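Hi,

Here is the structure I promised to pass on. Have a look at it first, and then read my notes below.

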Amino acid sequence: MPGGGDTPFADQAGHADTATAALPHYRVRAGLSGSAMRKAPARPAYVCRDCGHAPAKWEGRCSRCGAWSSIEEHAPGPAARTPGRFSAPVFAPELEAVELSKVPDDNAPRTATGIGEFDRVLGGGLAPGSTALVAGDPGIGKSTLLLQVAAAVAGRGRPVLYASGEESLSQIKLRAARLGLAGEGVFLVSTGDAAEIAAHIASRRPALAVVDSIQTAYLADSAGGLGAAGAASRGTIAQIRESGGFLADQARLSGTALLLAGHVTKDGAIAGPKVLEHMVDVVLQLEGEPGGALRLLRGVKNRFGPTDEIGVFEMRGDGLAEVADPSRSFLAQRQASTPGSAVATLIEGTRPITVEIQALVTPTFLPAPRRVSNGVDMSRVLLIAAVLSKRLRLPVATSDIVVNVAGGLRVKEPAADLAVALAIVSSLLDRPVDPGMAAAGEIGLGGELRSVPQAPRRASEARRLGFDACLLPANGADSEDGPPRTKADRGILAVSTLVEAVRAAIPEPSR
Ligand code: TYD
Ligand code: MG
């Protein structure tokens, strides 16, 4: 057991607190370190409760974050925290520098959770010693997902620690019962105390540790000198940074994969954990439409795998279920004959995904027309509207436009442009898009269609879903390995401009 003794982790926690811990690569030479540091003059420390700023003098208003009355005085701890800065320390390396070519391969196997959609986003499973942040709005399903992942890993015979600062043991038990999880091999602690959680990680060395949530985690005696204020200041940026970094270090030392739940602020930024984002190895965002059942898990950052991969789940009465065929789910509620609906065939990560793009275009009563977009980048919508106005001479300048991606997916690919444009034109003209047609293409400022990667795969996916025609930019569409087609199939329809595409997809009604 690391540390030894009865309370092995008090030692670890205390150690992380000393100044030398902040200098992982150098150690102040023995003889100078301990004594020089302890002799440093004891002066009171002032620390901002909110942001961790440490001004030299007391301030009524924090000069960094602007919070009022947030500066607190702290008596210096037993070991002063300023390293022996004035004692001219001699730095001597303790670690040997290793030649890159001699570094042994790290083949530590990933811990696959068995939840396919989760493993996919991680790039094959949890990497030992890594830290991943699972971020999302409150109520989106983070705790549900994490408990299911915990039970899945435990079910594969690997020990799991589940620490919750948000729920009591019996509340977690209730949730587990609802999810139909017996919970063997999942060890619970109901605390936000990071030192306590670290102690459990170090003693049990679980394959996976879950901390729900980072906003409720705190270090009672963080390096920011928060002292007893630690527990009270949970959720502040300083605490999130301190306890997040501390837990990540402990996980790395124990070879434990750490999953942190993090709440997101209304404006979409990961609250506080912005500071955490670069400290963790992986950031996963759990998203979904308000009121909708689909949940999308997106890799925002991944040190070990792809970042554009998405996992698709459905929130059910008994928890999150993997969606076997996301394209079908995204199209499930489509009303093909309604004007304003078009189908985009996209590549999300390594797989093709087909979504419905909806648009509602109405005459505006405002001096400046309104543009609303859910799921498509507003800059793309504005570009498309401008091209429709200039190249197709459509009256978009006097129309309000609302664009929505059904199912709550946030589309990143410019290949969605063509479907967005078709949906807008369809609503504007009040004529439906050809119901057997899917589309992909990036729109250029000249109204030209730019090639999209993996055109044949998009066409195959569209075909699998029952679309007999796939509208693709002429440039790059004429690949040999397009999907096989039957006689009735129109197959790939290559178009080179938006005008051509509109003509093909939204035909004049035959009289
Ligand atoms: P939760 O995981 O608590 O969200 P978070 O941790 O992100 O705040 O999910 C809460 C919501 O999920 C709540 O509205 C109820 C719903 N839910 C289900 O629909 N089915 C379930 O099996 C569970 C556990 C929750
Ligand atoms: Mg929760």
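In what order do the nine strands of the open sheet come? They run E7-E6-E8-E9-E5-E10-E11-E12-E13, with mixed pairing. (Strands are DSSP runs of E with at least two residues, helices are runs of H or I with at least four, and both are numbered from the N terminus; two strands pair if DSSP finds at least two bridges between them.) Strand E7 (186–189) and strand E13 (319–322) are the edges: each has a single partner strand, so one side of each has no neighbour in the sheet. On average, neighbouring strands are turned by 25 degrees against each other, direction ignored. As background, strands of a sheet pair through backbone hydrogen bonds, either parallel or antiparallel.

Before you go further: this is a predicted model, where local features need pLDDT of at least 70 and side-chain atom pairs count only at pLDDT 80 or more, while totals for chains, interfaces and linings use all residues. Residues are numbered from 1 along each chain as its sequence is written, chains are lettered from A and ligands numbered from 1 in the order written, and side-chain values use heavy atoms, leaving out hydrogens and water.

Back to the sheet. Strand E5 (131–136) and strand E9 (257–263) run parallel and are joined by six bridges; in one of them, glycine 136 has histidine 263 of E9 as its partner. Helix H8 (237–254) packs on the sheet, touching E5, strand E8 (208–212) and E9, and its direction makes about 160 degrees with that of E9. (Contact means heavy atoms within 4.5 Å; axes are lines fitted to C-alpha atoms, for helices over the stretch in contact, and angles run from 0 to 180 degrees between N-to-C directions.)

Now for ligand 1. A polar side-chain atom of serine 143 lies 2.7 Å from one of the ligand's oxygen atoms, and a backbone N or O atom of glycine 141 is 3.0 Å from a ligand oxygen. A side-chain N or O atom of arginine 178 sits 3.3 Å from a ligand nitrogen. (A polar contact here is a pair of N or O atoms within 3.5 Å.) The protein covers 75% of the 550 Å² of accessible area that ligand 1 has on its own (Shrake-Rupley method, 1.4 Å probe).

The peptide bond from aspartate 212 to serine 213 is cis, with omega near 0 degrees. Arginine 205, in the loop between helix H6 (194–204) and E8, has a positive phi, near 45 degrees. Most residues other than glycine have a negative phi, and most peptide bonds are trans.

Cheers

Conventions. A polar contact is a pair of N or O atoms within 3.5 Å; within protein, one must be able to donate a hydrogen and the other to accept it, and residues adjacent in sequence count only if both atoms are side-chain atoms.
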